[in-house]
Amino acid sequence: MHANNLKPAIGYIRFSSVKQTGGHSIEIQQNTILHSAEMQGYCIKKWCKDEAVSAYRNRAERRPGIIELYNSILNGEEEAVFFYDSSRVSRLFDDFALEVYYPILKEKPNCKFFEASQNEEWNPSNLLTQVKLLYSYEEVLTKSKRAKDAQKTLLYSTGKPIRPGSRVPFGYNKVQDTFFPNEEAAIVYFIFHLASWGYGNKKIADVLNSAQVPSSNNGEWQASSVDFILNNRFYAGDLTWNVRIDYNCSKRKPYGQYDLFENNHPPIIPAYLWDLVHNIRQHKKNSGKMNTPFFLRNIVHCKSCLLELTPKDASPTNSKKKYTYYYCNSCNQKISSDMLHDIVLKRLSVELEGMFDKMKSQVIKRLSDSEKSLAKQKESFKAQQEIISYKERMIENMDQHEEWKQILSDSKEIITEKLTEISLLIEKIKQIKNENLIADAFLHFKEVPSQLLTYVELRTLCLALINKIDISLSQTPRVSIDYRFSPFFILENQIGQITEMPLN
Ligand SMILES: [Zn+2]
């Protein structure tokens, strides 16, 4: 191609000043990028560079070269970005996508990204690309092997035996009594990331196996090992491990039946992602099938009949064109699924943007209100507790009241459980208000353009953000969307159940 016809592009290089290994030196990266750019019909007009600092702690956004890249592409004439390989742009595989790729695409929808070492266009919504991003293969593997060896030496040389039952969670190293995330932490993060987009244990295990990602027990990944990781609160940085019998029920195991770690440890999973994953999984339990082209099933209702619409595929066999509908079994009216999907996704992308701030302040207000009624409920339970103790003292020495004593001690136990539950909810509300959990959870869904999503992902997005859709089924259908007040609906239900209990 003639030089004059080449379109302008930016080259991005990340280098380590310490020691260049594995053919990633600046020159090799530069040459590969120049070569790939020419083959794809581009000419590199500008270079942005970052010196590699510590591995995955440094999110893409905070690197000066990335910031320069972001600003130049938004304000300049360049139409594409070339980088050497996925490991050069990111370690946390979705940070570059969320903080650079999607925001740029939003402003400049025609901008393209190329992975020069593969000489191909790069699309982070592709699952295999995500696995590659997560894994800069050999480099990471050798590092994690080295870390393991070091850990072994340390453990044996200090002469401290490993306590039985205190196995170090996958993704962490334990040096003396302190836990540190290791290179496998990226795998743990990736598992949560996939789960937050609606993928099940089996599918996640399949993806990891197909990319030959080593598992926690050095064999194949199983659905059960994925499930184990997703339910381990240690990854969210919890001091206490194994405290709750089950995440969705806030009942605590009796003291002494759970392990307490003496030292705090850095979490691998941010609080919002933990919450999101467990909310999505609850949605899945309630709403069944995820991988369906009718990704609004169970969400859409006929406005006049107040009935859930039924998905229907009326395409004749061998027909190339699809005839798929959402159908009302009562008034026999229907709407084309393509049309409805289109309307809803367009509305989502426009309205979420505008409603975000409003929603956030509403959520904060509702949480504060809940906090108040929970506090009130707590006082009332405490008063009941005192009355029971008083009654207990009254009949303490009376032999003929065994039955009563039993009833009183049972009620006391129930009230104590409720009080624990309330304290946990209040704790959780405080955390949500303080830590920007809501903003992070919205951002998680907001930034990804819907045309890049799979059915599972679209369904997850809709279940997380939409409570219900009502449709007036007529020639020009009118669609009204009832959004959720936050993606954290388990919490809402728990607060609802407790604050709706009679106060006396
Ligand atoms: Zn109807």
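The predictor's confidence in each residue is called pLDDT, and its scale goes from 0 to 100. What you see above is a predicted model, in which local features need a pLDDT of at least 70 and side-chain atom pairs count only at pLDDT 80 or more, while totals for chains, interfaces and linings use all residues. Residues are numbered from 1 along each chain as its sequence is written.

Let us start with the overall picture. The protein has 15 helices and 18 strands. Both kinds of element are DSSP runs, numbered from the N terminus: helices are runs of H or I with at least four residues, and strands are runs of E with at least two. Across the protein the mean pLDDT is 76, and 73% of the residues reach 70 or more. Where is confidence lowest, and where is it highest? The lowest mean, 42, belongs to strand β11 (residues 259-260), and the highest, 95, to strand β12 (residues 300-302).

Two stretches ask for some care. Over residues 54-58 pLDDT stays under 50, and the model has seven contacts there beyond four places in sequence. Over residues 136-165 pLDDT also stays under 50, with 20 such contacts beyond four places in sequence. A contact here means that the C-beta atoms of two residues, placed from the backbone, lie within 7 Å. Where pLDDT is low, the predicted coordinates should not be read in detail.

Contacts also tell us how the chain is folded back on itself. Among the contacts in the protein with a separation of 6 or more, 68% are between residues 24 or more positions apart. Of the 504 residues of the protein, 31% count as buried.

Now look at helix α8, which covers residues 201-210. Its buried residues are N201, I204, A205, V207 and L208. They lie on the same side of α8, because they cover an arc of only 160° around the axis; the arc is taken from the directions that lead from the helix axis to the C-beta atoms. After α8 comes Q212, with a positive phi near 55°.

Helix α8 has a partner, helix α9 (residues 223-230), and their axes come within 8 Å and cross at roughly 110°. Axes are lines fitted to C-alpha atoms, for helices over the stretch in contact, and the angles between N-to-C directions run from 0 to 180 degrees. The two helices are therefore roughly perpendicular to each other. In words, angles under 35 degrees are roughly parallel, over 145 roughly antiparallel, 65 to 115 roughly perpendicular, and the rest oblique. From α8, the residues N201, K202, I204 and A205 meet A223, V226 and D227 of α9. Sorted by class, this contact has four nonpolar, one polar and two charged residues. Nonpolar covers Ala, Val, Leu, Ile, Met, Phe, Trp, Tyr, Cys and Pro, charged covers Asp, Glu, Lys and Arg, and the others, Gly among them, are polar.

A second pair is formed by helix α10 (residues 271-287) and helix α14 (residues 455-465), whose axes are 10 Å apart at an angle of about 100°. That makes α10 roughly perpendicular to α14. I280, H283 and S287 of α10 make the contact with T460, L463 and A464 of α14. This contact has three nonpolar, three polar and no charged residues.

How many residues of α14 are buried? Ten of its eleven residues are, so α14 is largely enclosed by the rest of the structure. L463 touches H283 and S287, leaving aside residues up to four places away in sequence. The C-alpha atoms of L463 and N279 are separated by 9.9 Å, although these residues are 184 apart along the chain.

Finally, visit two loops. Most residues other than glycine have a negative phi. L306, however, has a positive phi of about 55°, and it lies in the loop between β12 and β13 (307-308). With 9 C-beta neighbours inside 10 Å, L306 counts as exposed. N332 has a positive phi near 60° and is found in the loop between β15 (324-327) and β16 (334-336). N332 counts as exposed, with 9 C-beta neighbours inside 10 Å.

Definitions and conventions: A residue is buried if 20 or more other C-beta atoms lie within 10 Å of its own, exposed if 12 or fewer, and partly exposed in between; C-beta atoms are placed from the backbone.
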